[in-house]
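Hi,

Here is the structure I promised to pass on to you. Please have a look at it first, and then read my notes below.

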Amino acid sequence: MFGQVRYWALKELFIPLLRTYEAKRRGSRPRKGSLPLSSNRVLKGLIMSHYYLGRYAKGVLPVAWVTSGAPVELLRPFGFYTIYPENHSALCAAQKMGGGLCLVAEERGYSKDLCSYAKIDLGVFFSGRTPVGRLPKPDLLFASNNICGTVLYWYRVLSKEYSIPLIVFDTPFNYGPLRQEDLDYMLDQIEEIIEKLQRISKREFRMERLIKTMRLSKATCELWQEILNTMKQIPAPATIFDIFSHMLPIVSLRGLRSAHSYYQVLYWELLQRVRDKVSPLSEERIRLLWDNIAIWYKMRDLSELMMRHKANLVGATYTNAWAETIVHMDPTRPFESLAKAYSLVILNNNLYHRLELIRKLATEFKVNGVIMHSARSCKPYSLGQYDIKRILQERYNLPCLILEGDIADERYYSDEGNKTRIEAFLESLI
Amino acid sequence: MIPQRIPYLLRKKEEGWKVFGILPGYYPKEILLGAEILPVEIWDPRVDTAFAYRHLQHTVCGIVKRAISFLMALPKGLIDGILVPHTCDSLQNLGTLIKDLLPVTSLPCIFFYPPKGPYRKSSFEYLKRVLKVLQRDLEAFGTQAEGSEITRWLNEMAKVYQAYRKLFELLTRDLFPSKNRALLDLIKGFGYLLPNDILEAFGEISKEMSPNKDLGPKVFISGIYPYEVELIEMLDLLKARIVAEDSLFLTRRFPNRTETSEDPYEELAYRYFSTPPCPTRGLDLGERADYLIQRARSADVKGVLFGTVKFCEPESFDLPTLISVLNREGLNTLHLEMEPTKGMDMAYLTRLEAFLETL
Ligand code: SF4
Ligand code: SF4
């Protein structure tokens, strides 16, 4: 009872105050020469409140840990408080805690070659160290292998360690167009998942709640798409590093009003910049596309390096992933659209699709070249890049650079080597 | 005498068999056999892997590097098609890479996606459906497997599983006379021989059966593919005997069925769901630990040797938990991480020797 009162008091009274305070506070040190978005402060309040409230959610609401590609809309009608370990790992990495937490997992016997999001999460599990104070222990794990098989292996470990159920939404990989057999399988699974969620949450499933969530989710993803579209302007109103740091709501708060409200703020700010022809660069001489997940611990350095060369990364296959399949989301056919929207995402699709997507984005964003982050952690995103690069260069005359590194473990990034390569690449584009 | 792989498949081609190269993982062998296709699994072809680095990051496992190198250097006409089972992220991307971006492999490429756990009713229904899709894909390729033919091969494969089980029983009872190297040939035969040829090889061995006098420590070996020749030779050198195994190459694909269903697709599905726990199929980690303990007990071994492939995520995630559970149960463990493209040095031998002493 006390826990419930505390949770609701925090949610209804304290959190709004915290957000207002954060929105008014001075932001953190801006990147050299950059033009920080004033929405950053609103975002900071949103992130803080999300993790802060999470600390008190346990026991009041069922807590689920969810993979970034799982159809979270199914959980919302049951009132789950959702935590995204991948997102939390990215947060740790951005605070340069990635390598240290990976090391904790490695000391417990986990191979250094595993995905660093997973290793950071296991490091947090073993050490309790996190920049957000404390993560609520999960009652349920909800994963989909539409991004990788890794999440399956990783969540099996969590399921064993926490002795809690793991629900998997199994999305057959699309070697070609989506097959009817695969769609039917996913539809059957959605029904089974709902049954299981009813049992775990001890709440009835109400279709109208799912539809409402899906509407909100769709609207948020559409808004996200509009935000990305502002970057097609020349000059672009922000950099991809700004956009990367605004991903938390689309990943972790999808299907919640707070995400939608936040993106309205961000969108209006970007739109205003477009109208006023405001750019974070004094001059935008080179426009680039980014492939793969961000290098969270190098955002500032890379951004400054780009700016020095009057280059702007204006689009990314990564940020596009939360907008690309939204066309399939039709709340009047909720199950079918969930299956389609989640199984047709970039990482569950073949490499021909990837190649064509990069070409399409390169044209739409009018870029001069592509930087492909070959991420040690992420096989599904990285394996195939060498040949995509070859084809883009040879067949379509689109210059590409492969940047070897890692998403969250700073120990696998060579500063000097990569700086030289990026500089040489940028010079070749002028 | 186990026939050598390449001469064997050339002979089979002459006899009218089509040959499919199969990338590692679970696939319904019986459907291919029913369509008169000889499946030849690509786990460890002897190839120069330098070529792989043009297409793959160095952080991709050696099995995948070997597979791509082999496929890109294939002599024309050696195989007629490729089947890619969905086993892990690396093989998933390798499959689309060779189909979509590397035209050198102009061979027909067929994909097979078995459902991932935790299993539900929908997994069973789905598997039956995709088995039929596979058959449809093979038909498009010009081959057809009648239901009765699949049933015939289901029966043949049941005998093969039985023969291998018997083999490990003999090993446990010290009745298998040969060294690990000879055992390795028998094990590898599972990846390319027709069932009757496997059974024939077993028949010959059973004639030579006699109590093994050369008794060293007994080892239970586990891993996706722990059969690098150097490791096996090291075990021979140290007089250790493999008496039980848990590899994706072999027994993780062996069904545990006592009944038979009349519908061949249903039977294949039941068989798939009765195979031992494997991370590539997403099964429960606790169940896997229990399974290993039970196998170790029944084989009467004191230690488990985990031979893993470097950069293999599915297996690596399980190891810390498995090792700690097994150790708690009084079973010694050794984890040797191998890099199939690089060979094994003396350090491995030293660690192996120390491990065997504890047994
Ligand atoms: S980084 Fe890649 S491998 Fe790791 S969880 Fe994300 S998609 Fe999976
Ligand atoms: S060794 Fe592991 S990573 Fe490599 S192909 Fe096999 S399952 Fe995949």
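A word you will need throughout is "buried": a residue is buried with under 20% relative accessible area, exposed with over 50%, and partly exposed in between, using a 1.4 Å probe and protein chains only. Please keep in mind that this is a predicted model, where local features need pLDDT of at least 70, side-chain atom pairs count only at pLDDT 80 or more, and totals for chains, interfaces and linings use all residues. Residues are numbered from 1 along each chain as its sequence is written, chains are lettered from A and ligands numbered from 1 in the order in which they are written, and side-chain values use heavy atoms, with hydrogens and water left out.

Ser217(A) has 0% relative accessibility, so it counts as buried. This serine sits in helix 8 (residues 207–230) of chain A; helices (H or I, at least four residues) and strands (E, at least two) are DSSP runs, numbered from the N terminus. Setting aside residues up to four places away in sequence, Ser217(A) touches Glu73(A), Arg254(A), Gly255(A) and Met329(A), where a contact means heavy atoms within 4.5 Å. Ala259(A) is 42 residues from Ser217(A) along the chain, and their C-alpha atoms are separated by 8.9 Å.

Ser159(A) belongs to helix 6 (residues 150–162) of chain A. With 11% relative accessibility, Ser159(A) counts as buried. Beyond its neighbours within four places in sequence, Ser159(A) is in contact with Leu141(A), Ile164(A) and Leu166(A).

Among the buried residues of helix 17 of chain A are Tyr386(A), Ile388(A) and Leu392(A). The buried residues of this helix pack against several elements of chain A, including strand 5 (286–291) and helix 15 (351–364), and also against helix 4 (89–101) of chain B. Just after helix 17 of chain A comes Asn397(A), with a positive phi of about 55 degrees.

Finally, chain B as a whole. This chain has 13 helices and eight strands, and buried residues make up 64% of its 359 residues. The C-alpha atoms of chain B fill a box of roughly 55 × 50 × 40 Å along the principal axes.

Enjoy exploring!
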